[in-house]
Amino acid sequence: MVKESTLEKLKILADAAKYDVSCASSGTTRGNPNKTLGTAAGWGICHSFTADGRCISLFKILMTNHCIYDCAYCSNRRSNDLKRVAFSPAELAELTIEFYRRNYIEGLFLSSGVIRNPDYTMEQMISVVKKLREEHRFNGYIHMKSIPGASQKLVNIAGMYVDRLSVNIEIPTEESLKKLAPEKDYLSVWKPMKYIKQGILENTEDRKKFRKTPRFVPAGQSTQMIVGATPETDNQILTLASKLYNIDSMKRVYYSGYIHINQNDDRLPALKQPPLVREHRLYQADWLLRFYNFQVNEIVNDANPELDLEVDPKVSWALRHPEFFPIDVNTAPYEAILRIPGVGVLSAKKIITARRYGRLTSYQLQKIGVVMKRAKYFIVCRELPVSTVNEVSPETIRKQLIDEKIKEKDRFQLSFTFD
Amino acid sequence: MFYAFEQQVTPDILLHSDDVKPLFLEKSFPIVTESEKSARVWSALEKKISPSACHMLMLVWISELPEVDLLLFRYIYKAFKSTESIELNFGDADVLACANIYKKVNQSCHKAIQFVRFQKTSDGVFFAPISPDYNVLSLVAKHFSNRYADQPWIIYDTKRNYGLYYNLHKTTEITFSESPVDNSGKLKAEQLDSEEQLYQQMWKDYFKTMAIKERINLKLQRQHMPVRYWKYLTEMQ
């Protein structure tokens, strides 16, 4: 039975959970062979989009907002004066099922404040996912946060029920973490991350011997870093991220622009606006690392420790390396085509296949989906090349690209006011 | 298609027998569908192009866009004429046009899967109205019968006035004589399960709470969730 009190708890605990960025429901494909409830789609499905443009795929919720810790950046910290509530495992499981049956969500994203101690909190959370899988025979997606400091045994149990298990780093260096969250250290984050990694490796071995062995955290792990709360450079952040991606099971690193929630804490910068552009650039750089074969020191290094906020990291790299261009789209290898600004992974693949049928023109490139506005300075196609980065200077191109962006923005705003 | 190869002619336009004939007509060929011949064409086509390309052609047909028949004709004609596979020749206008229409229909399927909102009725059936851009209901039915295998459901296309009913065993087509829902896609209160409205309220509150006010970006929201889908979305009402 649902009660009015559930409604109130829902609002408080959703409000407390919303700052976690991850919402992905991808990475696991699971059918529904026993004709119970739920499937996992593999590519991820977003069911709604909130007014900030972020997707709702999973039912993102805290078990409780009680917390024994006092981390400066967190809205649930011990010293904040707010109403504390907690879901019972049965209540939360039922709510998840009812939302799922109405096609509101893809599954559950369960996180929690730390109540009593890390292990007790983990046990409570495990009891929710256990109920979902065993009592409700739920096959949908479950992402669970592993509580820093939880024991390996509990991490291993949780891993048998969920699709993704993750631990947030939050602060990109231990020094800053110590300052903002004196009760935490990096070890409490690395340890569960290692447990998950080990669990997945052991499970892979077991599954080679016994094919029916249930899967352990099939969608891997992810983590999140807060950007702009501490003085770390983009270089430090991305270097850490690329190291994390060396862990096989690490699927995603999320970047969360810092939002100034706890107004009365002078350890944190009083930002009026979260650093959204910087966050966006970090994601673009992250994409370059994962899908475009870029090395982290090509994007940021000691000479350029911060990402350029005005142009994207790929343009920025291209302008620093005019000697690499122009690239002939009709002959260059895939890796080189990927490096052209304005060409994405999909367009690059299409170029490779389409050019077998004939030399491509700029019109065809545009139809394929290449953003010619950016690409034109860096390529040669069937027509005579226009002035590329080597004829015009990188500085001029940079200026032109920025001007064009401003013009576009103005046009949008104009049409907006006269509507 | 069979006729075109047999008679060595290619059409400039394809018309239904009820269509008004254009003013200037050089020559017209009445074609009567013969299942045997069309099956021969289709099986020949299956040998010529990949299964995924066959699937693409089906979806392009489902788009019901004007002149899509002629586009498909040209695509298939080229596929037969060419010695190598034309599927990836995106430099060709017809191949690209097919790929783009396919993308749109596929997106429409995906949007239906994303934005269906079930309401639980007093007799335990989960009901959802949709009005997709393309006639995709049959394409998404399998997703829902897999996922909600243990709950009976109806998804009703209010634009095309038909729906699918899943009764735990099989899916059948149904039609209501009058629209079962009001303009915002809601069933009448007395038809609903006693807890339905509370869950709708919870979902709405949850949705509102999840937005971070420092990051409001309505343009991005509309980009992902176009306004034309809002009318049946519980959380947008």
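This is a predicted model: local features need pLDDT of at least 70, side-chain atom pairs count only at pLDDT 80 or more; totals for chains, interfaces and linings use all residues.

Colleague: Why is H3(B) called roughly antiparallel to H4(B)?

Modeller: Helix H3 (residues 51–62) of chain B and helix H4 (residues 68–81) of chain B pack at an angle of about 160°, and their axes are 9 Å apart. Angles over 145 degrees count as roughly antiparallel, so H3(B) is roughly antiparallel to H4(B). The crossing of H3(B) with H4(B) is left-handed.

Colleague: Which residues make the contact, and how do they divide by class?

Modeller: H3(B) contributes Leu57(B), Val60(B) and Trp61(B), while H4(B) contributes Val68(B), Leu72(B) and Tyr75(B). The residues of this contact of H3(B) with H4(B) are six nonpolar, no polar and no charged. Tyr and Trp count as nonpolar in this scheme.

Colleague: Where do H5(B) and H6(B) meet?

Modeller: Cys109(B), Ala112(B) and Ile113(B) of H5(B) meet Leu139(B), Val140(B) and His143(B) of H6(B). By class, this contact of H5(B) with H6(B) has five nonpolar residues, one polar and no charged.

Colleague: What makes S1 and S5 of chain B edge strands?

Modeller: The open sheet of chain B has five strands in the order S1-S2-S3-S4-S5, with mixed pairing. Strand S1 (119–120) and strand S5 (171–174) of chain B each pair on one side only, and they are the edge strands.

Colleague: How do you know that the pairing in this sheet is mixed?

Modeller: S1(B) and S2(B) run antiparallel and are joined by two bridges, with Lys120(B) opposite Phe126(B) in S2(B). S2(B) and strand S3 (residues 153–157) of chain B, however, pair in the parallel sense over five bridges, and Ala128(B) stands opposite Ile155(B) in S3(B). Strand S4 (residues 162–166) of chain B pairs with S5(B) in the antiparallel sense over four bridges, where Gly163(B) is opposite Ile174(B). The pairing in the sheet is therefore mixed. In the hairpin of S1(B) and S2(B), with five residues between the strands, Gly124(B) takes a positive phi near 85°.

Colleague: Why is S2(B) described as mostly covered?

Modeller: Five of the five residues of strand S2 (residues 126–130) of chain B are buried, the cut-off being 20 or more other C-beta atoms within 10 Å. Phe126(B), Ala128(B) and Ile130(B) point one way, Phe127(B) and Pro129(B) the other way, and all are buried. In a regular strand the side chains alternate between the two faces of the sheet.

Colleague: How do you know that both faces of S5(A) are covered?

Modeller: Leu58(A), Lys60(A) and Leu62(A) on one side of S5(A) and Phe59(A) and Ile61(A) on the other are all buried.

Colleague: What leaves one side of S5 of chain A without a neighbour in the sheet?

Modeller: The open sheet of chain A has four strands in the order S5-S6-S7-S8, and its pairing is parallel. S5 and strand S8 (164–166) of chain A stand at the edges with a single partner strand each, so one side of each has no neighbour in the sheet. Five bridges join S5(A) to strand S6 (residues 107–111) of chain A, and Leu58(A) stands opposite Gly107(A) in S6(A).

Colleague: Why is Val371(A) called partly exposed?

Modeller: Val371(A) has 15 other C-beta atoms within 10 Å. A residue is exposed at 12 or fewer and buried at 20 or more, so Val371(A) is partly exposed. Val371(A) lies in the loop between H13 and helix H14 (372–375) of chain A.

Colleague: How many residues does each chain give to the contact between the chains?

Modeller: Chain A gives 44 residues and chain B gives 40 residues. H1(A) gives the most to the side of chain A that touches chain B, with five residues. By class, that side of chain A has 20 nonpolar, 14 polar and ten charged residues.

How values were computed
Residues are numbered from 1 along each chain as its sequence is written. Chains are lettered from A and ligands numbered from 1 in the order in which they are written. Axes are lines fitted to C-alpha atoms, for helices over the stretch in contact, and angles run from 0 to 180 degrees between N-to-C directions. Angles under 35 degrees count as roughly parallel, over 145 as roughly antiparallel, 65 to 115 as roughly perpendicular and the rest as oblique. A crossing is left-handed if the near helix is turned anticlockwise from the far one by less than a right angle, and right-handed if clockwise. Two residues are in contact if their C-beta atoms, placed from the backbone, lie within 7 Å.
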